[in-house]
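Please look through the sequence and the structure below before reading on. The report that follows takes up a few parts of the chain in turn.

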Amino acid sequence: MASPNLSEIVSTSLANRSKTLSDNVSNHNALLRRLKERGNQTSVTGRSIVRELEYAANGTVAWYQGYETMNVEPQDVISAAEFQYKQLGGTVTISGLEQVKNSGTEAVINLLEARINVLEKSMMNTMSTALYSDGTGSNGKELGGLALVVADAGTGTVGSINSGTFTFWQNAQTTATSSAFSVANIQADMNTMYLNLIRGADSPDLIMADGNAFKSFLGSLQAIQRITSDDMARSGFTSVQYLNSDVIFDSSCPANHMYFLNTDYLRLEVAAGRDFVPSETKTSINQDAISTAMMWAGALTCSNRSLQGVIHT
């Protein structure tokens, strides 16, 4: 049987790595990093995750003079989107035989380090891929990402709101000119999408692109000096500046897609106590082995879809 000492080593090692894993997941993905920098990665509790929405103007606003009466009629201008928690987990398991073969604290820790490293990379890659999903993967258990929030069709049900019924809840979308990204047309397509997403001081600040879209955009800049984002470059992301936005290549981005994001209205909501937090180490009842799980729960939420957009083929 696995010894209590080994259980303690496993638990302590994973607990010490928990914060590191949480930070690495954010720094591994440009979208999550931007959300964290803006304070848009928050801890939540409750049966579901609720985001308040501003979906209409206040109709009482009007010019007046002197003692002229003002409109005090109540205005229904705020609603809410309700998102469900999605859960991600992975485990580290050590058998009794592996404990025998790796006797001694240092040997056990070395074995643990190797397995925790694999767990961390696997969880980072899984989260990075899910950020572009539509939430239907793994029989609907997967995190709903950009393919859901910034859908190719611009419609769909997000946060329990049907955008077919409530059109204010649709995102902007368009097909690339000639149904393909190319050096000749990409800047015109980007200009059109960008201008469609400006509302006063609000504008996209992050553009995520797949290889085809990013190469086309780079090619369109060959004749001029490229302006890169020093901040994103220092973080290891391949990026180029476009107006007020960082244009970033992400290998996880779906083929032939370019997402225009206003991250003021996107948030990663993480369940309290579930931000890549390890469970208690448990001994199997029918095996000579111990296991500890690393767990995450939360959702990618949006409070304004109309200021998000996507160009696709």
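Predicted model: local features only at pLDDT ≥ 70, side-chain atom pairs only at ≥ 80, totals over all residues.

If residues up to four places away in sequence are set aside, tyrosine 132 touches Gly145, Leu146, Ala147, Met208, Asp250, Ser252, Cys253, Pro254 and Tyr259.

## Strand E8 and its two partners

Met208, which is among the residues touched by tyrosine 132, belongs to strand E8, residues 206–209. In a regular strand, side chains alternate between the two faces of the sheet. In E8, Leu206 and Met208 are on one side while Ile207 and Ala209 are on the other, and all of them are buried, so that both faces of the strand are covered.

Strand E8 is joined by 4 bridges to strand E10, residues 245–249, and these two strands run parallel; within this pairing, methionine 208 stands opposite isoleucine 248. Strand E8 is also joined by 4 bridges to strand E11, residues 257–261, but here the strands run antiparallel, and alanine 209 stands opposite methionine 258.

## The hairpin of E9 and E10

Strand E10 pairs with strand E9, residues 239–242, as well, through 4 bridges and in an antiparallel arrangement, with glutamine 241 standing opposite aspartate 246. How many residues lie between E9 and E10 in their hairpin? There are 2 residues between them, and leucine 243, which is in the turn, has a positive phi of about 50°.

Helix H7, residues 186–196, packs with helix H8, residues 211–220, at an angle of about 105°, and their axes are 9 Å apart. Because angles from 65 to 115 degrees count as roughly perpendicular, H7 is described as roughly perpendicular to H8.

On the H7 side the contact is made by Ile186, Gln187 and Met190, and on the H8 side by Ala213, Ser216, Phe217 and Ser220. When the residues of this contact are divided by type, 4 are nonpolar, 3 are polar and none is charged.

How values were computed. Residues numbered from 1 in each chain as written. Heavy atoms only, no water. Contact = heavy atoms within 4.5 Å. Buried < 20%, exposed > 50% of the residue type's maximum accessible area, 1.4 Å probe, protein only. Pairing = 2+ DSSP bridges. Axes fitted to C-alpha atoms, helices over the stretch in contact; angles between N-to-C directions. Parallel < 35°, antiparallel > 145°, perpendicular 65-115°, else oblique. Nonpolar A, V, L, I, M, F, W, Y, C, P; charged D, E, K, R; others polar.
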